Amino acid sequence: MADKGLGQHFLLDLNITRKIARLAGPLEGRPVLEVGPGPGGLTRALLEAGADVTVIEKDARFLPILNDLTTVSEGRLTIQMGDALKVDEGALAAGAPLTIVSNLPYNVGTALLIKWLTGPYRPASMTLMFQKEVAERIVARPGDDAYGRLAVLAQATTQAKIVMEAPARAFTPPPKVDSAVVRLDPLPDRPPTPLLAALERVSQAAFGQRRKMLRASLKPLGGADLCAAAGIDPVRRAETLTLDEFMGLAQAVLVAERHGEK
Ligand code: SAM
C-alpha cells in the first residue's frame, strides 16, 4: 500500500523512467544519487544507463525489492535507508560530484531542493520530478504569478528548465495533480554562501508580503534605506524585481550588516 504521508506515487512504466534517465544523462560510469527509489522503477532505468547508483529510502518495506535489484546491478547499486533531508551527500560521494535524479516525494521535495541549491554540497546536476505547480515556481520569471523565493534561489545558483511533463495518470496511485521534471545545472560561479544566505532572507521578506511595497515588506532589513543602497525604487513590489535586482539587495544587506558591526 502506498503511504500518502511519504508522498508515494510510483512510476512503473519503463518508457517514462528511461526518458528521465536520458534527460539526466549521460550517466555511464557516473555516480548518481536517487532519493526515494520506492519499488525501483527509476532505479532500474538509471542502472540500465550505466550509472553507479546510491539510493536513499525512508520506507523499509522496499528493502527486499531493492535488494533484488542489487543482485542484477553488478555492484553498481548502494542502498541506504534513512531520511534524505538528514543525509550528508559529501560523505556519499567519494570522487566525482553526484548527479541527482529523483521522483521526489511531494512533502519534502522543496526542502530537498533548497538544501541542494544553497547547502554546502554542490551536485553535478539535478533532474527532479516535482508537482507541476512547484516546477513552474522554480522556472518562473518576474511578473509571473509563480515567481517567488524558489525561482530566485534556483536561478541564482543554477540554470533551470522544465524538460518533461507527466500527467497524474502516469503514476500508481495517481496523485491529484500533474507533475513535471526540472533539470537544474549549477552555475560555475555560484554566489558565495553569505551572499546566498542574504538572498534567502531578502527574498523571503519581500515575497512573504508580496502585495506590499518593498519599503514595507523589507522593513526588518532596512526598508527604504536598503532599497536606496541597491538603487531600487522602494514603491516597487517583489514580483517585479529581476534576479540581478534581488542580488543587489542581498549585497546591500551584507554591506549594511558589516557597517552595523563596526
Ligand atoms: N522513485 C519511485 C518511483 O518513481 O516510482 C518512488 C517515488 S515516490 C514519489 C517518493 C519516494 O520517496 C517514496 O518511496 C517514499 O517512501 C520516499 N521518501 C519519502 N520521504 C523520504 C525522505 N525524507 N527520505 C528518503 N525517502 C523518502
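Modeller: A2, D3, K4, G7, Q8, H9, Y106, N107, P173, P174, P175 and K176 line the second largest pocket. This is a predicted model, where local features need pLDDT of at least 70, side-chain atom pairs count only at pLDDT 80 or more, and totals for chains, interfaces and linings use all residues. Residues are numbered from 1 along each chain as its sequence is written, and side-chain values use heavy atoms, with hydrogens and water left out.

Biologist: What makes A2 a lining residue of that pocket?

Modeller: A2 is in the lining, so it has an atom within 4 Å of a point of the pocket (an open set on a 1 Å grid where a 1.4 Å probe fits, with protein on both sides within 12 Å along at least five of seven lines). The space there is about 190 Å³.

Biologist: Which residues are closest to the centre of the largest pocket?

Modeller: L6, G36, E57, N103 and P105, out of 33 lining residues. That pocket has a volume of about 440 Å³, and helix 5 (106-118) gives the most to its lining, with 4 residues.

Biologist: How do you know that strand 4 and strand 5 pair?

Modeller: Strand 4 (residues 99-103) and strand 5 (residues 125-131) share 5 bridges in the parallel sense; pairing takes at least two DSSP bridges, so they qualify.

Biologist: Why do strand 3 and strand 6 stand at the edges?

Modeller: The open sheet of 7 strands runs 3-2-1-4-5-7-6, with mixed pairing. Strand 3 (77-81) and strand 6 (158-166) each have a single partner strand, so one side of each lacks a neighbour in the sheet. Strands here are DSSP runs of E, at least two residues, and helices are runs of H or I, at least four.

How values were computed
Grid points are joined across faces, edges and corners, and a volume is the space filled by probe spheres set on the points.
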